[in-house]
Amino acid sequence: MELKLFDVLVAFSGLSLLLLLGMALRQRLRWLRVLGIPEALVAGLLGLLIGPFGPWSIFPERVYRIWGQTPGVLIALVFATLFLGQTLPSPRVIWNRAAGQTAFGMVLGFGQYLVGGLLVLLVLQPLLGSSPLLAALIEVGFEGGHGTAAGMGATFSELGLPAGETLGLAMATVGVLTAVLLGSALVVIGRGRNWLVSGDPDGTTATGRTRKGLKSTDQDPISADERLSLERAAGTIQPESARSMTIDSLTVNVALAGGAVGLGILLKASLTGLGGVFGGPETAKLLQAIPVFPLTMVGGLIVQMILQRAQQTQLVSAVAQASVGSLAMDLLITAAMASLNLPLLEDNWIPFLALAIAGLSWNVCAFLWLAPRIFRDHWFERGIADFGQATGVTATGLLLLRMADPWGRSRAMEAFSFKQLLFEPFLGGGLVTALSPLLIISWGLPRFSAAALVLTLTSLLLGLSLGRRRTNSDAPA
């Protein structure tokens, strides 16, 4: 069935109206705000009612086909914007401030593959004949979230699991809801057991640091050049070369993001071509299943490096790139949830429920048992942020951290922020997430589960050796 431009406009208008309704509903219902449910997820759930499998299908089939294809396109744009406009600290600073936090995050992420692999290998395959690809579902849905689950849909389908996208989106929805509910309960328990950091609301902590970061002695001062770069990234000032341009700044940033997407497409074509030359048609077919979105992240990094080398970083704005990525993500989540294939979820509800329970149990146990052993200081605050991200999304982790540490007495926020630079290129939608279904098929589930066990234990040992040290680089020995 041929798609027309008019159908694209109708599909975009429908998604826009759903987002507006979701925003209005979230504003009126306080419990949605308390739970931290994003507007896009509310809009997507509303879209289920008028979607292709809902009770009131009001749009033509062509519009629903566009909704179904939208997530795979927009997720590439989301990942292309991650590094654009970002001035990364030195590797030494990142490592010193986020080593233990990163190790704990990788224990959670690789552990989700381990738990999923063992459950499918020992229970679901023998009893139900489930696909081995279900072993990747926990990490894709919990760590990756709705965007990653939607972006991985084509990969799952090409490898033999048509229900992969639907199950991933459902897993992501369960993750967001349970992360807030379980995380809030854990915060209440932690406060009752005095697991949280003590101190007065005036900002003074047990270690004598003040809440105001710029007055703290363990904060690096911001130089004039760094402050100028931050102001340029925020768009508060414009260099002479930018002011002389007639093209809008947002247009330039969208074009740069588009260039990053183009580089990602070229990288995938190159990988597929090299695989065909050196590995034959079967290898090329397997590599063809690699999603584009993690490669667009590499493309964005390349574009940013080119701009820095050419001393043209004033052309890119971190704020504008964040806005572009946020817009793409909101539309993506709305379209993906609205076009959720409910019959496929109904056919696979038993393995889905088993995987969801196993994933949640692993996250809770890792938080309660491993976090106190990995983090020497503020283990609850550091661990609850990673628990929120590993179960729901990054925003959920920040929400739980704010509940546990509303006055910013711990250094968890700093470590959690720096950790993203080391963590997200690999897990939670990064290269490991994208390659995991291919590795399951090419290696076999037993070997994949063994690799997940090795990586989980390695991350745990790394966390035990590094996480007990102070995470800030200038802490006393």
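1. D7 is buried, at a relative accessible area of 4%; buried denotes under 20%, exposed over 50%, and partly exposed the range in between (1.4 Å probe, protein chains only). The model is predicted: local features need pLDDT of at least 70, side-chain atom pairs count only at pLDDT 80 or more, and totals for chains, interfaces and linings use all residues. Numbering runs from 1 along each chain as its sequence is written, and side-chain values use heavy atoms, with hydrogens and water left out.

2. The structure contains four salt bridges, each defined as a side-chain nitrogen of Lys or Arg within 4 Å of a carboxyl oxygen of Asp or Glu. In one of them, D7 pairs with R62 at 2.9 Å, N to O. This pair links distant parts of the chain, with R62 in helix α4 (residues 61-80) and D7 in helix α1, 55 residues apart; helices (H or I, at least four residues) and strands (E, at least two) are DSSP runs numbered from the N terminus. R62 is partly exposed, at 30%.

3. A further salt bridge joins K419 and D386, with the closest N and O atoms 2.8 Å apart. K419 belongs to helix α19 (residues 412-423) and D386 to helix α17 (residues 379-391), so the pair ties together parts 33 residues apart in sequence. K419 is buried at 1% relative accessible area, and D386 is buried at 1% relative accessibility.

4. N194 has a positive phi of about 60 degrees although it is not a glycine. N194 lies in the loop between α8 (164-192) and α9 (224-234) and is exposed, at 67%.
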